[in-house]
Amino acid sequence: MQVIPTVAFLVKESGEFVDKYISTKTVPDTLRQLLFESCNLRYETVEPTIVDLIHEEGSNEVEAVYSCLVSYGILVPKKGYKIVTIDKINIEEKYAKSIQSTPRV
């Protein structure tokens with residue numbers, strides 16, 4: 001029997017994607033801190049990959065969208081976070097392209 005993977009996301013309890021501003025730290029340090037705050041994964045054991053850069057007209061910021069694939073049952077959210085399957089989340093249009101282009105295992 002073939003198992004078809006389910007796409008799910010780690011989100012805040014509010015349903016928003018997990019996010020973090022990069023200011024004085026390096027990208028790896030920021031991703032390390034983000035993982036530490038939100039779930040049981042360690043930066044050294046996953047491979048966060050940049051999948052998109054989003055710039056909204058008139059903004060001075062560029063949003064980097066990262067993804068990492070983990071096997072079902074590995075990810076455990078910390079308090080204030082939850083795992084939501086793709087059919088149960090309202091995805092903003094600006095993220096749809098990033099999600100559609102992310103490879104699945």
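R32 counts as partly exposed, at 32% relative accessibility. In this predicted model, the side chain of R32 forms a salt bridge with D29, and the closest N and O atoms are 2.8 Å apart. D29 is likewise partly exposed, with a relative accessible area of 36%. Both residues lie in helix α1, and because they are 3 residues apart there, about one helical turn separates them.

Salt bridges that share partners join D29, R32, R42 and E44 into one network. In total, the structure holds 9 salt bridges.

The side chains of K20 and E37 meet in a salt bridge, with an N to O distance of 3.2 Å. This pair links distant parts of the chain: K20 sits in the loop between β1 (8-12) and α1 (27-38), E37 sits in helix α1, and they are 17 residues apart. K20 is partly exposed at 34% relative accessibility, and E37 is partly exposed at 32%.

The other pair is E56 and K94, whose side chains meet in a salt bridge at 2.8 Å, N to O. E56 counts as partly exposed at 43% relative accessibility, and K94 counts as partly exposed at 27%.

I now come to the overall fold. The protein has 2 helices and 4 strands, and along the sequence they follow the pattern β-α-β-β-β-α. The radius of gyration is 14 Å, close to the 13 Å that the globule rule gives for 105 residues, so the protein is as compact as a globular protein of that length. Along its principal axes, the C-alpha trace spans about 50 × 30 × 25 Å. Of the contacts between residues at least 6 apart in sequence, 58% join residues at least 24 apart.

What lies in the interior? Buried residues make up 22% of the 105 residues. The largest nonpolar core has 9 residues in all: L10, V18, L34, L35, C39, L41, V46, L75 and Y81. A second, separate core of 8 residues includes V11, I54, V65 and I99.

Beyond its neighbours within four places in sequence, D52 is in contact with E63, A64, V65, K97 and S98. I50 is found in strand β2 as well, which covers residues 49-54, but I50 is partly exposed, with a relative accessible area of 43%.

Together with I22, V27, L53, V62 and Y66, I50 makes a nonpolar surface patch of about 510 Å². The accessible surface of the whole protein comes to about 8,100 Å², and 54% of that belongs to carbon and sulfur atoms.

Technical notes: Residues are numbered from 1 along each chain as its sequence is written. This is a predicted model: local features need pLDDT of at least 70, side-chain atom pairs count only at pLDDT 80 or more; totals for chains, interfaces and linings use all residues. Side-chain values use heavy atoms; hydrogens and water are left out. Patches are made of residues with over 30% relative accessible area and no salt bridge: like charges are joined within 9 Å, nonpolar side chains (Val, Leu, Ile, Met, Phe, Trp, Tyr) within 5 Å. Accessible areas come from the Shrake-Rupley method with a 1.4 Å probe; for residues, only the protein chains shown count as cover. A salt bridge is a side-chain nitrogen of Lys or Arg within 4 Å of a carboxyl oxygen of Asp or Glu. Buried means under 20% relative accessible area, exposed over 50%, partly exposed in between (1.4 Å probe, protein chains only). The radius of gyration is taken over C-alpha atoms; the globule rule is 2.2 Å times the number of residues to the power 0.38. Contact means heavy atoms within 4.5 Å. A nonpolar core is a set of buried Ala, Val, Leu, Ile, Met, Phe, Trp, Tyr and Cys residues joined through side-chain atoms within 4.5 Å.
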